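Trainee: I have this one open for the first time. Can you walk me through it?

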Amino acid sequence: MNRIVTMVLKNLLIVPGAWMKLCRYAKHTDKYPELEKYRHIQYILKRAIKGGNVTLEVSGVENIPMEGGFLLYSNHQGLFDILAVAATCDQPLGAVLKKELKDVPLVKQICACTKSFPMDREDVRQSLTVIQSVIKEVQGGRNYLIFPEGTRSKSTNELLEFHNGSFRCAVKAKCPVVPIALVDCYKVLDQKGSKPITVQIHYLEPIQYEEYQDMNTKELAALVRGRIEEKVKSCVENMEL
């Protein structure tokens with residue numbers, strides 16, 4: 001059975017109420033506290049993840065800054081990635097995601113509640129506008145998740161190249177950067193079936209602005225990618241033992 005169908009069927013009793021509440025939050029987002037909206041999103045995601053026979057192995061949550069105004073950069077394996085991060089990061093965050101997802105039900109409402117930004121990578125002007133918006137929001141104390149590969153690697157734990165421009169947000173905002181290493185996330189929604197699966201989410205040690213202030217975006221991208229790749233390879237090697 002399709003895993004999304006399994007997620008819904010196992011949560012049929014809570015779906016109507018949870019959906020209506022999410023839509024209310026999305027329609028009148030300014031009327032509700034950010035943490036209240038985010039906790040409801042987490043509730044929905046955690047119920048869906050459990051219903052979909054997915055187990056999350058999480059490490060490094062202590063590396064997530066306790067105060068707002070930081071950026072998370074993660075490798076991008078599949079459609080499940082953003083759900084895994086949002087479900088395990090207790091600090092409210094928004095995301096930069098591809099424009100094709102902005103009108104997908106559930107994603108649309110979550111984007112409204114978290115002030116996430118859809119990006120059209122084919123439109124340079126629109127992309128620059130998104131980057132400027134993220135910088136402003138982070139400087140104001142909000143947090144964002146960015147996938148610097150720009151596209152899903154799909155069906156592999158190998159990393160693609162990171163886009164240097166994605167790190168302009170960090171350099172300009174002068175904020176902590178938290179690398180995230182995802183392992184086996186592509187197996188959840190990008191492969192058929194709904195058999196039990198375990199995925200790994202590793203929050204790595206944050207890189208403070210003082211550590212990268214003399215770097216350009218290319219150098220920072222290489223630093224973050226190197227740390228994520230090292231962790232992913234280590235996890236894969238351990239699984240193969």
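**Contacts, sheet and salt bridges**

Trainee: Leaving aside neighbours within four places in sequence, which residues is Gln109 in contact with?
Mentor: Gln109 is in contact with Trp19, Leu22, Cys23 and Ala26, if you skip its neighbours within four places in sequence. Contact means heavy atoms within 4.5 Å. This is a predicted model, where local features need pLDDT of at least 70 and side-chain atom pairs count only at pLDDT 80 or more, while totals for chains, interfaces and linings use all residues. Residues are numbered from 1 along each chain as its sequence is written, and side-chain values use heavy atoms, with hydrogens and water left out.

Trainee: Which helix is Gln109 found in?
Mentor: Helix H5, residues 107–114. Helices (H or I, at least four residues) and strands (E, at least two) are DSSP runs, numbered from the N terminus.

Trainee: And is Gln109 buried or exposed?
Mentor: Buried, because its relative accessible area is 13%. The cut-offs are under 20% relative accessible area for buried, over 50% for exposed and partly exposed in between, using a 1.4 Å probe and protein chains only.

Trainee: Okay, the sheet. What is the order of the strands?
Mentor: S1-S7-S6-S2-S5-S3-S4, in an open sheet of seven strands with mixed pairing. Strands S1 (54–59) and S4 (117–119) are the edges, each pairing on one side only. From one strand to the next the twist averages 25 degrees. Two strands pair if DSSP finds at least two bridges between them.

Trainee: What packs on the sheet?
Mentor: Helix H10 (residues 217–240) does, touching S2, S6 and strand S7 (197–203). The direction of H10 makes about 30 degrees with that of S6. Axes are lines fitted to C-alpha atoms, for helices over the stretch in contact, and angles run from 0 to 180 degrees between N-to-C directions. Helix H6 (residues 124–139) lies across S2, strand S3 (94–98), S4 and S5, at about 155 degrees to S4.

Trainee: S2 keeps coming up. What does S2 pair with?
Mentor: S2 pairs with strand S5 (residues 144–146) in the parallel sense over three bridges, with Tyr73 opposite Ile146. S2 also runs parallel to strand S6 (residues 177–183), joined by four bridges. There, Leu71 has Val177 as its bridge partner, and Leu72 stands opposite Val178.

Trainee: Which residues of S2 are on each side?
Mentor: In S2 (residues 71–74), Leu71 and Tyr73 are on one side, Leu72 and Ser74 on the other, and all are buried. In a regular strand the side chains alternate between the two faces of the sheet.

Trainee: New topic. How many salt bridges does the structure hold?
Mentor: Nine. A salt bridge is a side-chain nitrogen of Lys or Arg within 4 Å of a carboxyl oxygen of Asp or Glu. One of them joins Arg142 and Glu34, with the closest N and O atoms 2.5 Å apart. That pair links distant parts of the chain, 108 residues apart: Arg142 is in the loop between H6 and S5, and Glu34 is in helix H3 (residues 34–51).

Trainee: Is Glu34 buried or partly exposed?
Mentor: Partly exposed, because its relative accessible area is 34%. Arg142 is buried, at 13%.

Trainee: What about Arg225 and Glu229?
Mentor: Their side chains meet in a salt bridge, 3.2 Å from N to O. They are four residues apart in H10, so about one helical turn separates them. Salt bridges with shared partners join Glu161, Arg225, Glu229 and Lys233 into one network.
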